[in-house]
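Work through these exercises with the structure open beside you. Each task is followed by a solution in steps.

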Amino acid sequence: MSAAAHLARRHRFRWWELLPWIAGLAAYFAFPTYLAFATQVLITILFALSLDLVLGYAGIVTLGHAAFFGAGAYTVGMLAAQLGWNEPLSGLLAAALVAGAIGLVSGLVLLRTQGLTLLMLTLCTMALLEQAANMGAAWTGGFDGIPGLSFGKILGVFGFDVLYYRSQYLYALAVLLLCFLAVRVLVYSSFGQSLTGVRENLLRMHAVGAPVRFRLVVAYTISAALAGIAGGLFTQATGFVNLAVLGLDRAAGVLIILILGGYGRLYGAFVGAIAYMVLEHLLAKAYPTAWQLGIGLTLMLVALYARNGILGMSDALRRWLQGRAAQ
Amino acid sequence: MTAAMLETKDLCMSFGALEVTRKVNFRLERGARHALIGPNGAGKTTFVNLLTGVLLPSRGSILLEGEDLTSLSQARRVKRGIARTFQINQLFRGLTVHENVSIAVSERLGVGGAMLRPAGKRSDVVAEAARLIDMLKLGDDAGRRVVELPYGRQRLVEIAIALGLNPRVLLLDEPAAGIPSTESHILLDAIATLPKDIAVLIIEHDMDLVFRFADRITVLVSGAIFAEGTPAEIAANREVRAIYLGTALDG
């Protein structure tokens, strides 16, 4: 098959791309008692997917992506607590707008820099927001956050219940699907291709006349808005928001998840989030005192032997098998 | 005198106390096949970087068909029609050859920021990239990632990308470096098929290639123009032979 024909087909859906969604629906029926946990997995997938757009595709290394998750989470929480605005869908829209605006403004400043400077500045942006949330206690609840939030029915029909996660789970699954489709369109477009160009060679991208910084700011803004939606979902699903939504723990966690799954591959977010969170869950159950040791060892093995994450490992395995079959 | 395709006036560049470009007055005529030669450290690549806007000159100006470009960004100059290749490959290494060229073509056609349509469905971009790839005899490798290609083949991708920008001025910084001499004819053939009104400036150490290619040669020494003329004039210039060409022509 020629390269042009391959490129023309690359964006088409393949049969296995249905599997995550079938699995998502199956989980709803198979694990009714785990839906709270499963909802958190879906939210984390969306968060990791937003990071993949900037880290995996555009090559922007950030340690502060939780800033946008937190911005979305607090937007939804504060709107509900202060203004009584608890309609879920418009809440997510507001979360996307606020997080996107913060992404745009900070991106305009930050994306003039690269490498370690950029890494530090993303961290600083998140720390600033975290302090703002801590100090603005009248609005944000300060250190305690905002507990006991309740939200309206989705589309006026499906109600939330923090004890039974059925609505939350399907709602999160639907939002994830829509966001995923948007990201998928984006990465296969000319815009997405130009982001990979920036990631692969900045110097060359300038030399082909691309408005590099503008592209990066656009990608960063879209990614921030998606992370904001993930944060908004978190607040709606759990009924509370506190400082943990925008700390370094969350930012580093999502980075680890994406690297574990494989970045720049669209499905790395899915594989990474499920693998990490299920592992964490099982280890915590088996060794309540030392489960982090198990996580640490797993990550070391991935960092040493599977640089491209779990999906990279499965690619290598497939190539090896094909090579053997060809012999 | 009519405006040259590309012209520099009293162009100067210093890094601190080090003057690397000294009052260079240079004309690249429309359709020229011009070579810039000079010993290592003469400031040839700096000169290309000044022309393309990677560096901004300390003094002097750069004109494209009489229009001042001196303060324009790199991207703007590309849009005006100045394309270059690099002395050391600057490619999208993890992407396929076809994608490498497509990115350049998309930017030129102004669709590089389009978000909705899949890149593979832009048949104009895909077809033009394929045409350029065939022209440089890269067809068999179009679907391979650049990082998997031998260095010589990668050099050709550099040129395909530059041609994808449909330039009026093409600056080739040592295009044949790293290409086996048996393959350098592919390069010359490609340049020979370029539209005649594109001005090509080539920086090259391979004198055989320079004399086959160029109809005009400029010799740069220590950042200043030392001599300029037709290949015959340059070959006959004793001083040039003494400082630069001696071994290459006699040996």
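**Exercise 1. Follow a sheet in chain B.**

Solution. 
- The model is predicted.
- Widen the view to the strands. β1 (residues 6–15) and β4 (residues 59–64) of chain B run antiparallel and are joined by 5 bridges.
- Now take in the open sheet. Its 4 strands follow the order β2-β1-β4-β5 (chain B), with antiparallel pairing.
- Look at the edges. These are β2 (18–28) and β5 (67–68) of chain B, and each pairs on one side only.
- α1 (residues 44–52) of chain B lies across β1, β2 and β4 of chain B, and runs at about 65° to β2(B).

**Exercise 2. Examine strand β8(B).**

How many residues of strand β8 (residues 199–203) of chain B are buried, and which strands pair with β8(B)?

Solution. 
- Count the buried residues: 5 of 5, so the strand is mostly covered by the cut-off of 20 or more other C-beta atoms within 10 Å.
- Sort them by direction. Ala199(B), Leu201(B) and Ile203(B) point one way, while Val200(B) and Ile202(B) point the other way. In a regular strand, side chains alternate between the two faces of the sheet.
- Take one neighbour. Strand β3 (residues 33–37) of chain B pairs with β8(B) in the parallel sense, over 4 bridges. Here His34(B) has Leu201(B) as its bridge partner.
- Take another. Strand β7 (residues 169–173) of chain B is also parallel to β8(B), over 5 bridges. Leu171(B) has Leu201(B) as its bridge partner.

**Exercise 3. Divide chain B into domains.**

Where do the domains of chain B lie, and which helix gives the most to the domain 1 side of their contact?

Solution. 
- Read the bounds from the domain assignment: domain 1 is 1–81 + 167–251, and domain 2 is 92–164.
- Their centres, taken over C-alpha atoms, are 26 Å apart.
- Count the contact. Domain 1 of chain B gives 11 residues and domain 2 of chain B gives 9.
- Helix α6 (residues 184–192) of chain B gives the most to the domain 1 side, with 3 residues.
- Class that side: 8 residues are nonpolar, 2 polar and 1 charged.

**Exercise 4. Locate the largest nonpolar core.**

Which residues have the most contacts inside the largest nonpolar core?

Solution. 
- They are Leu46(A), Ile229(A) and Ala160(B), in a core of 169 residues.
- Both domains of chain B give residues to this core, so the core lies between them.
- Zoom in on Ala160(B). Among the residues it touches are Val101(B), Leu132(B) and Leu138(B).

**Exercise 5. Judge one residue.**

Solution. 
- Find Ala242(B) in helix α9 (residues 238–250) of chain B.

**Exercise 6. Cross from chain A to chain B.**

Which element gives the largest share of the side of chain A that touches chain B?

Solution. 
- Size the contact: 30 residues of chain A meet 39 residues of chain B.
- List the chain A elements that give two or more residues: α1 (3–9), α8 (166–188), α9 (190–200) and α10 (202–207).
- The largest share, 7 residues, comes from α9(A).
- By class, the chain A side has 13 nonpolar, 12 polar and 5 charged residues.

Definitions and conventions:
Residues are numbered from 1 along each chain as its sequence is written. Chains are lettered from A and ligands numbered from 1 in the order in which they are written. This is a predicted model: local features need pLDDT of at least 70, side-chain atom pairs count only at pLDDT 80 or more; totals for chains, interfaces and linings use all residues. Domain bounds come from an automatic or database domain assignment. Two residues are in contact if their C-beta atoms, placed from the backbone, lie within 7 Å. Ala, Val, Leu, Ile, Met, Phe, Trp, Tyr, Cys and Pro count as nonpolar, Asp, Glu, Lys and Arg as charged, and the others, Gly among them, as polar. A nonpolar core is a set of buried Ala, Val, Leu, Ile, Met, Phe, Trp, Tyr and Cys residues joined through C-beta atoms within 7 Å. A residue is buried if 20 or more other C-beta atoms lie within 10 Å of its own, exposed if 12 or fewer, and partly exposed in between; C-beta atoms are placed from the backbone. Two strands pair if DSSP finds at least two bridges between them. Axes are lines fitted to C-alpha atoms, for helices over the stretch in contact, and angles run from 0 to 180 degrees between N-to-C directions. Lists of a residue's contacts leave out its neighbours within four places in sequence.
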